[in-house]
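Reader: I have a model on my screen and would like to learn how to read its features one at a time. Could we begin with salt bridges and then turn to the helices and the surface?

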Amino acid sequence: MNLLTEPIISFTILLAIIFIVPPLFERLKLPGLVGLLVAGVIFGQNGLKLLNSDSETIKLLSDIGKVYLMFVAGLEIDIEQFRQTKNRSIGFGTLTFLVPLIAGIVTGRLFNFSWNASVLIGSLLASHTLLAYPIVSRLGVVADEAVTVTIGATIFTDTGALLVLAICVGIHAGDFTAFKLISLLAGLAIYSVVILFGFNKAGKEFFRRTGDEEGNQFLFILLALFLASVGAQVIGVEKIVGAFLAGLAVNGVLGNSPVKEKVEFVGSVLFIPCFFVDMGLLIDIPAFLKTLSSIGLTAAIVTALIGSKFIAAFLAQLLYRYNLPQMLTMWSLSLPQVAATLAATLVAYEALNPAGQRLINEDVLNSVIVLMLVTATLGPVITARFASALQPVPVKNWETDSLALWWQSYGESVPLTQELNNVEQSDPFTVVVPIYNPQTQRYLIEMAAMLTRHESGRIMPLAITKAHTHMDDPQLISSIEQSQQRLSMALEISREFAAQVSPVIRIDDNIALGITRTSREQNANLIVMGWGRNIGFRARLFGSLIDSVFWSAHCPVAVANLLDSPSQIKRILVPVDGLTRLTIGTIRFAQILANANQAEVVLLHVCNRYTPQQQVNSFKSELSNIVAQGQLQANTNVETIVGDDIAKVIIEQGKNFDLVVLRSVRYRTSGGLAVSEVTTQVMKNLKCSIVLLGEPQSYPVMAKQGYRETGKGTGILGVQNL
């Protein structure tokens, strides 16, 4: 018996590859995706022959990864942004779809491909992946109309490319008449309406009824994904079309919920990497080298894509009167070809007609892989170069210096008892401090005391006791006694700082939800937690208490790793990149701590070498105005440093400070790629105390007040950026 033919052996090898290879390539400053492709080549038939793309295990996992990739691509599309610039998004979407489509058709015909294959090649060039979204978000230019239009155009290009794919695959299968084409389009239109509206409505109703039952909600989303994929096959189109529609349908249902994090996490750590490994298995090294040696087709496809996307952006510039940086940003954002392109390429490569001929050959497959590598590298680089020249959307309403008022919108709901008694009074500024580790609680309470003294508020030490089925369980009683002891210690520490204290014990079956539920019930303004620097693979695989609190909290969360007493902090560094609500709150947070110790605050702005000096001066001036307008007496200075490696600059500057205050801003990417890990790198390498501030994941009040969210949800591979 050959053990290598056993499904469990193949699965084990795949897990080992996914676990080991991407981190190794990322250490070499190469995308983890490249590592997966290389691993597929090494372990495939051209290498060690340990994996076979024809095995049922590989086929199943790759198929799931393929539909998952398109499902996530649907989840990535911001429907609200599309609605805001609907007409212009459709206009640019049409241009950036049709021009590359025509270029691809011409390229295919020049290399003697059939009309059907040429149209298919054109459709592969027509879509795009928003791989550089984190860059424009970090630069604070997401609200620029040109960026918003490009993001909105994604829904048009991806949908159009998948529609062309469905038609080309149908024609390739043979016996495809005009009547069948009309029937296919009509069936697809009806099916799209059913999925987009039916699944959306059913999902919202199910989530409303199930409340916090995340397990059932997770299963519902997976069921919706695979039902839509199977349904697409039933009506005669590819399953990735159904998966993409399912992603669009449940987009509004999931929002930025923890369930969305789990859905994307499962795909990113298992199924999507399996798809990329399978892509590597399909690469025939001799054929690949031959394709590169006779570079004609590859060069033509890459040139056609880059040139046609540029022409589309240039036409949009003329049509909508955009300036040069806006045009170049639109071009660079629409360059990367990852999600829809790779999934459609694999579908086309595996599509056989009755004579056993493929729709596209190995030369096209290899050329598309080269195209993906080139554009996934070139697009973000160009975006970083030219998006920095865009003017960030000005932020208003920073007239208040009160931390309580800045966070008041998160806890502004009136308690029920107060409403019933018609008492007109505001809740005191409340800081919830979860208590568990006696070694860290003193510093946490000391920090909370500094904040509450400034805001005339109260500290709420919170001890969570894990629930048991029976409330008289001896283990539960023992746990409550331990919680009471911890709270007694917290009470003594709080009295040292003359802080108003309201200790709370809560029994809950989930520690994270116990923290956030108590915070919501008490109308808290801030949660201050300790942090053990658990940011390795274990945190990626199982998540963490901190992640859960970040996701479910209604108010901001400050996660602190304090190496010394907060009263000893004399120099505080605050990296600043974009004037958002969270940025200003972070500055005020640091100023309050500094005010208590007569400490110095340094606001550090890192810009790349391509940023116009005028824009750098303008940003520095705006920061200085915010500091000057403040009523806090803390010594605050603004420094600007030019550097392409933001993390390296912050780490180097952090050596001279006692505390670094960071913002936690999370991003998703539709290719399953970790685009940036600035915050993660900084936290790993800083040797001083750290506070990580994060906002809630929903912003209903901000929306009412006209604010815009500039960050997106957590990255598929746990991406965090500054």
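Reader: Is Glu652 buried, partly exposed or exposed, and what does it pair with?

Author: Bear in mind that this is a predicted model. Glu652 forms a salt bridge with Lys655, in which the closest N and O atoms are 3.3 Å apart, and Lys655 counts as exposed because its relative accessibility is 60%.

Reader: How many salt bridges does the structure hold, and which residues are linked in a network of them?

Author: There are 12 salt bridges in the structure, and the network links Arg506, Asp508, Arg517 and Glu521. Within this group, Arg506 pairs with Asp508, the closest N and O atoms being 3.0 Å apart, and both of these residues are buried. Arg506 also forms a salt bridge with Glu521, with 2.8 Å between the closest N and O atoms.

Reader: Why does Arg506 count as buried?

Author: The cut-off for buried is under 20% relative accessible area, and Arg506 has 17%, so it falls on the buried side. Thr298 counts as buried too, because its relative accessibility is 2%; Thr298 lies in helix α14 (residues 296–320) and, leaving aside residues up to four places away in sequence, touches Thr291, Ser367 and Val370. Over the whole chain of 722 residues, 57% are buried.

Reader: How should I read the length of a helix, and what caps the N-terminal end of α17?

Author: The expected span is 1.5 Å times one less than the number of residues. Helix α17 (residues 362–386) has 25 residues and should therefore span 36 Å, which agrees with the 36 Å between its end C-alpha atoms. Its N-terminal end is capped by Asn361, which has a side-chain oxygen 3.1 Å from the backbone nitrogen of Asp363.

How values were computed: Residues are numbered from 1 along each chain as its sequence is written. This is a predicted model: local features need pLDDT of at least 70, side-chain atom pairs count only at pLDDT 80 or more; totals for chains, interfaces and linings use all residues. Side-chain values use heavy atoms; hydrogens and water are left out. Helices (H or I, at least four residues) and strands (E, at least two) are DSSP runs, numbered from the N terminus. Buried means under 20% relative accessible area, exposed over 50%, partly exposed in between (1.4 Å probe, protein chains only). Contact means heavy atoms within 4.5 Å. A polar contact is a pair of N or O atoms within 3.5 Å; within protein, one must be able to donate a hydrogen and the other to accept it, and residues adjacent in sequence count only if both atoms are side-chain atoms. A salt bridge is a side-chain nitrogen of Lys or Arg within 4 Å of a carboxyl oxygen of Asp or Glu.
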